[in-house]
Structures are given as structure tokens and as C-alpha cells.
Amino acid sequence: MERTITDLSVDYFKAAENMDELIKKTTAGIKEAAENHETDKIYQLKQKRFIFYSQKRELLNTAHKLKNYYNKEEDLLESA
């Protein structure tokens, strides 16, 4: 099965949505840990959430690059 770059960009957008779910779960865990005064757990979860945000940003950047890949080619051809 051949896939286009646009299809791949859709997969990256979906993966970014999955990261949103992980971020929400982690945020809920942070709130719960704060209520229980578990400072070590809060610290670990905040680090984890930061990583999830970074991964989401990378996924979205890649998704946008893939989605607009053909547009850049067309722009280059038109300017030549």
C-alpha cells in the first residue's frame, strides 16, 4: 500500500491529538498528587508533561511540513 505525504501528515496530526490525551491525564495526576502533598510525584509528572508538550510540538511541526510539502514545491516552480 502506497501512502502519500499528505496521508502521513494526517497520522502526525492524530498522534498530536493522542499527546493531548496524555497531557490531560498527566495534569489530572499532578492535581491529585498536589492534593495528597506528594512533591516527588508532582515533580516527576511535571517533567513528564513537559516532555509530552515537546513531543506534541514536534509532531505538529512535522505534520505541517508534510501537509504543506507540495505547496512549497509549487511555489518554487512558479518563482523559477
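This is a predicted model: local features need pLDDT of at least 70, side-chain atom pairs count only at pLDDT 80 or more; totals for chains, interfaces and linings use all residues.
Which residue forms a salt bridge with aspartate 20, and how far apart are the closest N and O atoms? Lysine 56 does, with those atoms 2.6 Å apart. The legends below start from the whole chain and return to this pair.

Figure 1. Local features need pLDDT of at least 70, side-chain atom pairs count only at pLDDT 80 or more, and totals for chains, interfaces and linings use all residues. Residues are numbered from 1 along each chain as its sequence is written, and side-chain values use heavy atoms, with hydrogens and water left out. Helices (H or I, at least four residues) and strands (E, at least two) are DSSP runs, numbered from the N terminus. Along the sequence the pattern reads α-α-α. The chain has 80 residues, and 19% of them are buried. Buried means under 20% relative accessible area, exposed means over 50%, and partly exposed lies in between (1.4 Å probe, protein chains only). The accessible surface (Shrake-Rupley method, 1.4 Å probe) comes to about 6500 Å². Carbon and sulfur atoms account for 53% of that surface. A contact means heavy atoms within 4.5 Å. Among contacts with a separation of 6 or more, 70% join residues 24 or more positions apart.

**Figure 2. Helix 2 covers residues 39-67.** The expected span of a helix is 1.5 Å times one less than its number of residues. For the 29 residues of helix 2, that gives 42 Å. The end C-alpha atoms are 42 Å apart, which agrees. Buried residues in helix 2 are Ile42, Leu45, Phe52, Lys56, Leu59, Ala63 and Leu66. An α-helix has 3.6 residues a turn, so residues three or four places apart point the same way.

**Figure 3. Five residues make up the largest nonpolar core.** They are Ala16, Met19, Ile23, Phe52 and Leu59. Helix 1 (5-35) and helix 2 each give two or more residues to this core. Helix 1 gives the most, with three residues. A nonpolar core is a set of buried Ala, Val, Leu, Ile, Met, Phe, Trp, Tyr and Cys residues joined through side-chain atoms within 4.5 Å. Alanine 16 touches Lys56, Leu59 and Leu60, not counting residues up to four places away in sequence. In soluble globular proteins, nonpolar side chains tend to be buried together.

**Figure 4. Lysine 56 and aspartate 20 form a salt bridge.** A salt bridge is a side-chain nitrogen of Lys or Arg within 4 Å of a carboxyl oxygen of Asp or Glu. Lysine 56 lies in helix 2 and aspartate 20 in helix 1, so the pair ties together parts 36 residues apart in sequence. Aspartate 20 is partly exposed, at 27% relative accessible area. Lysine 56 is buried. Leaving aside neighbours within four places in sequence, lysine 56 contacts Ala16, Met19, Asp20 and Ile23.

**Figure 5. Arginine 3 and aspartate 11 meet in a salt bridge.** The structure holds two salt bridges. In this one, the N to O distance is 2.3 Å. Arginine 3 has 43% relative accessibility, so it counts as partly exposed. Aspartate 11, at 30%, also counts as partly exposed.

**Figure 6. Histidine 37 sits in the loop between helix 1 and helix 2.** Its phi is near 55 degrees. That is a positive value in a residue other than glycine. Is histidine 37 buried or exposed? Histidine 37 counts as exposed, because its relative accessibility is 68%.
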